[in-house]
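Colleague: Could you take me through the terms used for this model, setting each value against its definition?

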Amino acid sequence: MGLDTDKLLDLRARHSDLRDHYLTVVEKAREARRDAARMHAEIAVDPEDDDARDLLALPVAELANQPAGILEKAGIDIRLVRRVIAAHAQADRIRQSAEDLAKRVRASQALIDRLNQYAGKFPEAVL
Amino acid sequence: MSKTIEKIATIRSKIDVLHTERAALLAQPVSRADVLRRVDDALTHWHTQGMAALSIELERAAAGGRADIFTLRGNAITTGQPGAAPFALDLGPLLVALIGVAPLRKLVAQAAERVPAGVESKARSSRLAMIAAELDDLEREEEQQIVLREIDGMPVDRRADARPEIVLAAQGAA
């Protein structure tokens with residue numbers, strides 16, 4: 001039984017591309033998280049207003065559940081809060097993509113390792 | 001979902017079923033029936049030994065000696081730490097001679113109900129060979145479908161446990 005060396009090289013290249021894509025998405029996830037955190041931090045409120053500061057200190061999921069009236073009373077621009085919530089949601093979506101890719105990369109790595117080990121038995125496959 | 005994707009999913013589902021069946025067959029190489037046959041052989045052997053030992057003791061008694069019919073003789077295998085000497089005694093011949101094969105066989109058969117039935121060895125070997133052949137066909141078909149998708153520019157991830165000899169088979173050799 002012979003070895004399709006071209007196919008092995010092609011599969012290695014695909015794995016490498018997948019891994020590079022994963023690393024790119026991981027970096028995008030980090031950037032998105034940083035951007036969302038920065039937007040959150042940039043919402044301006046009166047530093048003497050404890051209620052406003054307490055509201056802004058809430059986790060994003062709880063902040064999203066606050067009634068608009070409560071936010072307005074605390075002097076918080078609800079449009080900015082909506083943008084922060086959207087930015088966090090976007091960061092979550094990218095993070096989920098990264099996690100999905102991580103699973104694919106692990107599976108791909110496991111397969112490539114086995115293919116390489118198998119190819120090692122063929123002395124003519126000097127790769 | 002495209003037809004090829006559906007086809008690949010169906011093939012993979014069949015592969016999973018065969019893997020599960022093969023794992024179960026490999027996990028239990030001896031069927032319950034085979035285990036009971038081995039027990040039957042041992043009981044018969046012990047019965048012969050036990051009755052012979054009893055006869056010897058009774059003949060000794062008839063010659064005016066003692067009848068140590070409940071004394072176990074043989075070699076004790078000692079194991080364990082210094083200061084302790086746990087050992088194993090082979091009670092088989094004496095027990096079977098005194099109690100009889102049938103009652104002991106009945107007890108063992110009742111306990112054996114907890115052992116899965118399993119598959120007897122000839123049928124098991126035959127089934128394992130059939131599973132191997134079916135897996136070869138399915139995995140080759142799966143690889144062909146994947147290659148077609150790749151040619152169409154719509155790649156599908158291979159299974160992490162795909163066999164290298166199938167994936168990397170030289171053209172015309174698969």
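Colleague: What should I know about the conventions before we start?

Modeller: This is a predicted model, in which local features need pLDDT of at least 70 and side-chain atom pairs count only at pLDDT 80 or more, whereas totals for chains, interfaces and linings use all residues. Residues are numbered from 1 along each chain as its sequence is written, chains are lettered from A and ligands numbered from 1 in the order in which they are written, and side-chain values use heavy atoms, with hydrogens and water left out.

Colleague: What confidence does the predictor give to chain B and to the complex?

Modeller: On pLDDT, the predictor's confidence in each residue from 0 to 100, chain B averages 88, and 89% of its residues score at least 70. The complex has an ipTM of 0.77 and a pTM of 0.72.

Colleague: How does the radius of gyration of chain A compare with that of a compact globule?

Modeller: The radius is taken over C-alpha atoms, and the globule rule is 2.2 Å times the number of residues to the power 0.38. For 127 residues a compact globule would have a value near 14 Å, but chain A has 24 Å. The C-alpha atoms of chain A fill a box of roughly 75 × 20 × 20 Å along the principal axes, and the chain has 5 helices and 0 strands.

Colleague: Why are H1(A) and H5(A) called roughly antiparallel?

Modeller: Helix H1 (residues 5–41) and helix H5 (residues 78–119) of chain A pack at about 160°, with their axes 8 Å apart. Angles run from 0 to 180 degrees between N-to-C directions, along lines fitted to C-alpha atoms over the stretch in contact; under 35 degrees counts as roughly parallel, over 145 as roughly antiparallel, 65 to 115 as roughly perpendicular and the rest as oblique. H1(A) and H5(A) are therefore roughly antiparallel.

Colleague: What makes H3(B) roughly perpendicular to H4(B)?

Modeller: The axes of helix H3 (residues 92–99) and H4 of chain B come within 6 Å and cross at roughly 110°, which means that H3(B) is roughly perpendicular to H4(B). The contact (heavy atoms within 4.5 Å) is made by B:Leu95, B:Val96 and B:Ile99 of H3(B) and B:Val101, B:Pro103 and B:Leu104 of H4(B).

Colleague: How is H2(B) placed against H4(B)?

Modeller: Helix H2 (residues 32–62) and helix H4 (residues 101–112) of chain B have axes that come within 11 Å and cross at roughly 155°, so H2(B) is roughly antiparallel to H4(B). Residues meeting there include B:Leu36 and B:Leu43 in H2(B) and B:Leu104 and B:Val108 in H4(B).

Key
Helix = DSSP H or I, 4+ residues; strand = E, 2+ residues; numbered from the N terminus.
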